[in-house]
Amino acid sequence: MRVQADRVSVTGPHGTLLSPTSLTVSHGELAIVHGEPGVGVTAFGLALAGRLKPATGTVTVEGGDPRKVVAIVDSPGVSEPDDALSLQVVVGEELELAKRPANKAAVASWLAEHDAAAFATTRFENIAAVTRTRLLTELAAGREGVGVLVLDTPDRHTSDVDSWTRLAREHAERGLAVIVLTATTPVSALPARPALCGALEQPDPVRCAPIEPPAEPDDTEVTEKTSGDQE
């Protein structure tokens with residue numbers, strides 16, 4: 001699984017939201033992207049997820065339709081939950097979106113499995129930032145076919161960089177391609193040199209999962225092909 005943005009720009013009703021930006025991230029890798037606070041960095045995430053058509057450039061996703069294999073997590077004004085809803089309602093809606101069982105028993109089971117049963121009836125706006133990002137990311141990663149996660153500005157909820165960095169690394173270690181969009185955290189405080197919105201030359205993503213060696217050829221098939229050639 002790999003997602004590649006080649007000179008992607010986005011325009012809005014009042015002008016440019018995102019200047020041409022390039023980025024390539026493969027399975028098992030983590031890329032941190034930094035942009036100015038505002039809609040530009042989110043526009044990049046939506047373009048990667050096939051939710052917004054670029055004005056220029058292309059987004060290529062190996063492995064399927066971007067809208068199905070790229071999940072954008074907690075995007076402001078797009079996929080962020082309604083703060084007035086309880087956690088159990090948010091989880092139920094996300095499970096239903098993923099076409100998984102979403103009845104009361106299924107929601108209770110999911111919350112218990114993810115150590116969040118105690119917060120079932122808590123309004124989402126009162127869920128701690130670390131827990132919020134962790135649960136929404138787990139829900140997105142659990143959707144069938146998802147191979148790329150885009151965490152949209154988790155730093156807008158907390159100054160605890162380590163919390164979302166650790167979470168992103170864990171999912172990359174499981175083999176997903178993970179992109180974290182940031183805006184309010186100073187570049188100097190980020191855990192790795194970030195890719196920048198508006199740049200074409202970017203640092204390599206951080207490799208979190210080992211690269212799988214190529215499959216060895218089947219000896220039987222090789223022998224059969226060789227025999228056939230000799231005939």
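**Cysteines and disulfides**

Analyst: A disulfide is a covalent bond between the sulfur atoms of two cysteines. In this predicted model, where a pair of cysteine sulfur atoms must lie within 2.5 Å to qualify, the count of disulfides is zero. Cys197 takes part in no disulfide, and the nearest cysteine sulfur, that of Cys208, is 20 Å away. Likewise, Cys208 is in no disulfide, its nearest cysteine sulfur being that of Cys197, 20 Å away.

User: Is Cys208 buried or exposed? And what is the relative accessible area of Cys197?

Analyst: Buried means under 20% relative accessible area. Cys208 has 17% relative accessibility and therefore counts as buried. Cys197, with a relative accessible area of 24%, is partly exposed.

**Two helices in contact**

User: At what angle do helices α5 and α6 pack?

Analyst: Helix α5 covers residues 129–141 and helix α6 covers residues 161–173; they pack at an angle of about 20°, and their axes are 10 Å apart. Angles under 35 degrees count as roughly parallel, and α5 and α6 are therefore roughly parallel to each other. The crossing of α5 and α6 is right-handed.

User: Which residues of α5 and α6 meet?

Analyst: From α5 come Val130, Thr133, Arg134, Thr137, Glu138 and Ala141, which meet Ser163, Leu167 and His171 of α6. By kind, the residues of this contact between α5 and α6 comprise three nonpolar, four polar and two charged.

**A proline in a loop**

User: Where is Pro154 found, and is Pro154 buried or exposed?

Analyst: Pro154 lies in the loop between β6 (148–152) and α6. Its relative accessible area is 3%, so Pro154 is buried.

User: Which residues is Pro154 in contact with, leaving aside its neighbours within four places in sequence?

Analyst: With those neighbours left aside, Pro154 is in contact with Thr133, Trp164, Val180 and Leu181. Thr133 is also one of the α5 residues that meet α6.

**The buried residues of α3**

User: Which residues of helix α3 are buried, and what covers them?

Analyst: Helix α3 spans residues 87–97, and its buried residues include Leu87, Val90, Val91, Gly92, Glu94 and Leu95. Among the elements covering the buried residues of α3 are α4 (104–113) and α5.

User: What is the phi of Lys99, which follows α3?

Analyst: The phi of Lys99 is positive, near 60°.

Key. Residues are numbered from 1 along each chain as its sequence is written. This is a predicted model: local features need pLDDT of at least 70, side-chain atom pairs count only at pLDDT 80 or more; totals for chains, interfaces and linings use all residues. Side-chain values use heavy atoms; hydrogens and water are left out. Buried means under 20% relative accessible area, exposed over 50%, partly exposed in between (1.4 Å probe, protein chains only). Axes are lines fitted to C-alpha atoms, for helices over the stretch in contact, and angles run from 0 to 180 degrees between N-to-C directions. Helices (H or I, at least four residues) and strands (E, at least two) are DSSP runs, numbered from the N terminus. Angles under 35 degrees count as roughly parallel, over 145 as roughly antiparallel, 65 to 115 as roughly perpendicular and the rest as oblique. A crossing is left-handed if the near helix is turned anticlockwise from the far one by less than a right angle, and right-handed if clockwise. Contact means heavy atoms within 4.5 Å. Ala, Val, Leu, Ile, Met, Phe, Trp, Tyr, Cys and Pro count as nonpolar, Asp, Glu, Lys and Arg as charged, and the others, Gly among them, as polar.
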